[in-house]
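Please keep the structure open as you go through the points.

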Amino acid sequence: ASLTVLTTPAGVELLQADPCIDNFIIFDKHKTDAGILSQIRLVRALKNERFDKVFLLHKSHRTNLLVWLSGIPE
């Protein structure tokens with residue numbers, strides 16, 4: 001299995017040394033990725049990765065919606 005983490009730039013700094021993480025998708029919702037167009041790009045990027053499963057570690061209606069729109073099955 002491969003583990004990809006979707007996180008903020010600060011999250012990458014905290015997690016980059018973890019050998020279990022294979023890849024990062026960085027999403028800076030407060031700066032460079034603010035706005036609906038960036039969210040649409042994120043959904044497309046997630047769809048293109050064809051992930052099998054997602055784990056959401058915090059409650060966020062926006063994150064739930066983005067993951068649902070990306071079509072990740074589980």
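This is a predicted model: local features need pLDDT of at least 70, side-chain atom pairs count only at pLDDT 80 or more; totals for chains, interfaces and linings use all residues.

**Largest pocket**
- The largest pocket holds about 1000 Å³ of space.
- Its lining takes in 30 residues, and those nearest the centre are Thr-4, Val-5, Leu-6, Val-54 and Phe-55.
- By class, the lining residues of this pocket are 18 nonpolar, 7 polar and 5 charged.
- At least two lining residues come from each of strand 1 (4-7), helix 2 and helix 3.

**Nonpolar core**
- The largest nonpolar core has 6 residues: Ile-25, Phe-27, Leu-42, Val-43, Leu-46 and Leu-66.
- The most to this core comes from helix 2 (residues 36-49), which gives 3 residues.
- In soluble globular proteins, nonpolar side chains tend to be buried together.
- Phe-27, one of the core residues, also has contacts beyond its neighbours within four places in sequence: Leu-6, Thr-7, Thr-8, Pro-9, Asp-33, Ser-38, Gln-39 and Leu-42.

**A residue to look at: Arg-50**
- You will find Arg-50 in the loop that runs between helix 2 and helix 3 (61-70).
- Although Arg-50 is not a glycine, its phi is positive, at about 55°.
- Is Arg-50 buried or exposed? Arg-50 counts as exposed because its relative accessible area is 71%, and exposed means over 50%.

Key. Residues are numbered from 1 along each chain as its sequence is written. Side-chain values use heavy atoms; hydrogens and water are left out. A nonpolar core is a set of buried Ala, Val, Leu, Ile, Met, Phe, Trp, Tyr and Cys residues joined through side-chain atoms within 4.5 Å. Buried means under 20% relative accessible area, exposed over 50%, partly exposed in between (1.4 Å probe, protein chains only). Helices (H or I, at least four residues) and strands (E, at least two) are DSSP runs, numbered from the N terminus. Contact means heavy atoms within 4.5 Å. On a 1 Å grid over the protein atoms alone, a cavity is a set of points where a 1.4 Å probe fits but cannot get out, and a pocket is an open set with protein on both sides within 12 Å along at least five of seven lines; lining residues have an atom within 4 Å of a point. Grid points are joined across faces, edges and corners, and a volume is the space filled by probe spheres set on the points. Ala, Val, Leu, Ile, Met, Phe, Trp, Tyr, Cys and Pro count as nonpolar, Asp, Glu, Lys and Arg as charged, and the others, Gly among them, as polar.
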